[in-house]
Amino acid sequence: CAVRADGTVWCWGEDPGQDPSTLLPRRVAGINDAQFVTAGGAFACALRETHQVVCWGNNALGQLGTGSFSAGEATAQPVEGLSDAVEVNAGWNHACAIRFDRTLWCWGGNGDGATGYGQLGDGTLQNRASPVQVSLPADVISVAAGGWTTCATLVDDTVWCWGYGERGTLGDGNFSNSSVPVQVVGLDNVGLLALGDYTACASRDDDSVWCWGDTSWGSSTGGPAGTPVEGNKSSSIAVGALANDRYCLFIDGREQVWWWGTGTNQAPERWPVGP
């Protein structure tokens with residue numbers, strides 16, 4: 001999905017149950033004042049100029065945050081109670097938003113009550129059709145939702161993660177899940193945060209990039225017990241970031257793209273390779 005300069009939102013790709021001809025972008029109906037859009041697994045959300053969050057697509061686990069579960073919605077629906085959001089980010093089956101007061105609220109997939117990962121951070125394994133607040137020790141600056149993990153940076157320069165941690169994705173020195181936030185070990189002064197299915201990366205104020213989580217594809221070079229480890233320094237502070245289960249990507253201040261993971265030698269290299 002993308003936001004155009006006129007505030008409209010356009011999406012393309014898989015659209016289960018609808019016309020499969022989505023090779024070209026289609027306009028999302030009813031939105032002409034979008035500031036930001038984020039896409040999850042078969043659903044998407046947008047932040048409007050009014051600071052309202054709207055979502056559309058799959059809603060089986062409450063991904064749309066409308067207060068009820070359903071097969072899905074083909075038009076944008078307002079997230080219940082979120083009229084003062086400043087940031088929104090979607091993971092595979094959940095989404096989170098930061099409000100004016102710098103509190104963090106999440107909704108969608110979390111578990112069936114007995115099993116799950118707890119990526120909503122409310123201390124339960126229950127799917128939530130309405131936003132629930134995440135209890136954190138300080139105001140939230142930014143949030144990144146991944147496959148089944150969520151991480152946030154706080155005003156005290158710390159990073160906290162929750163949800164799936166069996167591959168070290170929580171960065172707390174353990175390989176276990178947590179339905180409440182745990183602090184990432186030894187990481188502060190964070191600028192950008194990127195979170196994939198099993199990998200997380202962050203840039204620091206000194207231009208260094210640190211990663212933790214799954215190392216099987218080279219997308220992370222996580223340290224002992226899933227703690228962050230430093231990669232190569234880029235030439236300037238990163239200004240954009242993306243992570244997946246198999247790669248990480250950063251755009252630095254000189255608009256150079258650096259990536260590592262699948263197809264690389266596990267160390268960051270500039271893309272495209274060459275001058």
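**Disulfides and an antiparallel sheet in a predicted model**

A search of the whole structure finds 5 disulfides, a disulfide being a pair of cysteine sulfur atoms within 2.5 Å. The structure is a predicted model, in which local features need pLDDT of at least 70 and side-chain atom pairs count only at pLDDT 80 or more, while totals for chains, interfaces and linings use all residues. Residues are numbered from 1 along each chain as its sequence is written, and side-chain values use heavy atoms, with hydrogens and water left out.

The protein chain contains 0 helices and 23 strands; these are DSSP runs numbered from the N terminus, with helices being H or I of at least four residues and strands E of at least two. Of its 275 residues, 49% are buried, where buried means under 20% relative accessible area, exposed over 50%, and partly exposed in between (1.4 Å probe, protein chains only).

With the bonded cysteines numbered in sequence order, the pairing is 1-2, 3-4, 5-6, 7-8, 9-10. In the disulfide of Cys 1 and Cys 11, the sulfur atoms are 2.0 Å apart. Cys 1 lies in the segment before β1 (2-3) and Cys 11 in strand β2 (residues 9-11), so the link ties together parts that are 10 residues apart in sequence. Cys 1 is partly exposed, at 36% relative accessible area, whereas Cys 11 is buried, at 13%. Cys 151 and Cys 161 are joined with an S to S distance of 2.0 Å. The torsion about this S-S bond is about 110°, so the disulfide is right-handed. Cys 151 is buried, as is Cys 161.

An open sheet of 4 strands has the order β8-β9-β10-β11 with antiparallel pairing; two strands pair if DSSP finds at least two bridges between them. Its edge strands, β8 (85-90) and β11 (126-134), each pair on one side only. β8 and β9 (residues 94-99) are paired over 5 bridges, and Cys 96 in β9 is the bridge partner of Asn 89. Cys 96 also forms a disulfide with Cys 106, the sulfur atoms being 2.1 Å apart. The torsion about that S-S bond is about 105°, so this disulfide is right-handed. Cys 96 and Cys 106 are both buried.

His 94 is likewise placed in strand β9 and is buried, with a relative accessible area of 0%. Its side chain makes a polar contact of 2.8 Å with that of Thr 150, a polar contact being a pair of N or O atoms within 3.5 Å; within protein, one must be able to donate a hydrogen and the other to accept it, and residues adjacent in sequence count only if both atoms are side-chain atoms.
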